[in-house]
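Student: I would like to know what stands behind the words used for this structure. Can we take the terms one at a time?

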Amino acid sequence: MYRKQLYVFDEERPVQAVVRSYTEADFADLIHIQQESFPPPFPSELWWNEEQLTNHTTLFPQGALCVEIGGRAVASITGLLVDFDPQQADHTWEQVTDHGYIRNHNPDGNSLYIVDICALPEYRKLGLGKLLMQSMYEVVVELKRTRLLGGGRIPGYHRHASTMTADQYAQAVVKGELKDPVMTFLLRCGRTPVKLVADYLEDEESLNYAMLMEWRNPFMEH
């Protein structure tokens, strides 16, 4: 199980927080986070359900983390282990995460794959997403895996799709010529681009593209 106490900052004010493994007692809070993070018209059937959360906590508890502030979970991150082959990088979110049920979790997999990360909107200014991502890097090191991996939406792309390809858009974000809400956030977290993946997830803003991005374990040979 994972647990660390620290302070996050609301502008200049320190706020005590705990990053820890989530359990069944957190399920109602975790579902509430999803509802607040992805309000209608986002389909409610895509919010976490109790069966998915049970799988997260039983199949791979090391990959099920939340941030607790004021006695309740306000942000979460979930992962599973996969055996990733960079030569066969194309996949969809549904394929690699088993539609979020992670029944395909591979205990011997070389990579920790991020299924989902989200936070209550009113807590996002506290930097909880970056905190959770860094905490998951620690899990990668503890488990001696090669990398953390995940597909990041590029929701700013639809504004530029008429003038550039998705690959050109992603390159512009990396160069700092454009800023993308998700890809720029992941770059700030220390993730680096691996490959642009088409038809990753049904997402109008990204035109179904995602940028596969990794963080390599610095203690492993590459």
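Tutor: Start with Thr97, which lies in helix α3. Helices here are DSSP runs of H or I with at least four residues, strands are runs of E with at least two, and both are numbered from the N terminus. The model is predicted, so local features need pLDDT of at least 70 and side-chain atom pairs count only at pLDDT 80 or more, while totals for chains, interfaces and linings use all residues. Residues are numbered from 1 along each chain as its sequence is written, and side-chain values use heavy atoms, with hydrogens and water left out.

Student: Is Thr97 counted as buried or exposed, and why?

Tutor: Buried means under 20% relative accessible area, exposed over 50%, and partly exposed in between, with a 1.4 Å probe and protein chains only. Thr97 has 0% relative accessibility, so Thr97 counts as buried.

Student: What is Thr97 in contact with, apart from its neighbours within four places in sequence?

Tutor: Contact means heavy atoms within 4.5 Å. On that test, Thr97 touches Leu80, Ile102, Asn104, Tyr113 and Val115.

Student: Glu94 is also found in helix α3. Why is Glu94 called partly exposed?

Tutor: The relative accessibility of Glu94 is 28%. That value falls between the limits of 20% and 50%, so Glu94 is partly exposed.

Student: Which residues does Glu94 contact beyond four places in sequence?

Tutor: Glu94 contacts His99, Tyr200 and Leu201. Glu94 and Tyr200 are 106 residues apart along the chain, yet their C-alpha atoms are separated by 8.2 Å.

Student: Where does Glu11 lie, and what is its phi near?

Tutor: Glu11 lies in the loop between β1 and β2, and its phi, near 60 degrees, is again positive in a residue other than glycine. At 70% relative accessibility, which is over 50%, Glu11 counts as exposed.

Student: How do you know that β1 and β2 pair?

Tutor: Two strands pair if DSSP finds at least two bridges between them. Strands β1 (residues 3-10) and β2 (residues 13-21) have 8 bridges, in the antiparallel sense. One example is Arg3, whose bridge partner in β2 is Arg20. The hairpin has 2 residues between the strands.

Student: In which sense do β2 and β3 pair, and over how many bridges?

Tutor: They pair in the antiparallel sense over 4 bridges. Arg20 has Cys66 as its bridge partner in β3.

Student: What makes the buried residues of α1 lie on the same side?

Tutor: In α1 (residues 27-37), the buried residues are Phe27, Leu30, Ile31, Ile33, Gln34 and Ser37. They cover an arc of only 150 degrees around the axis, which puts them on the same side of α1. The arc is that of the directions from the helix axis to the C-beta atoms. These buried residues pack against α2 (50-59), β3 (64-69), β4 (72-82) and β5 (111-119).

Student: What makes a space a cavity and not a pocket?

Tutor: On a 1 Å grid over the protein atoms alone, a cavity is a set of points where a 1.4 Å probe fits but cannot get out; a pocket is an open set with protein on both sides within 12 Å along at least five of seven lines; and lining residues have an atom within 4 Å of a point. Grid points are joined across faces, edges and corners, and a volume is the space filled by probe spheres set on the points. The largest pocket has a volume of about 1800 Å³. It is lined by 49 residues, and Phe38, Asp116, Ile117, Arg153 and Leu201 are the closest to its centre. The largest share of that lining, 6 residues, comes from β5.

Student: How many cavities of 30 Å³ or more does the search find?

Tutor: It finds 1. The largest cavity holds about 30 Å³ of space, and among the residues lining it are Arg153, Tyr200 and Leu201.
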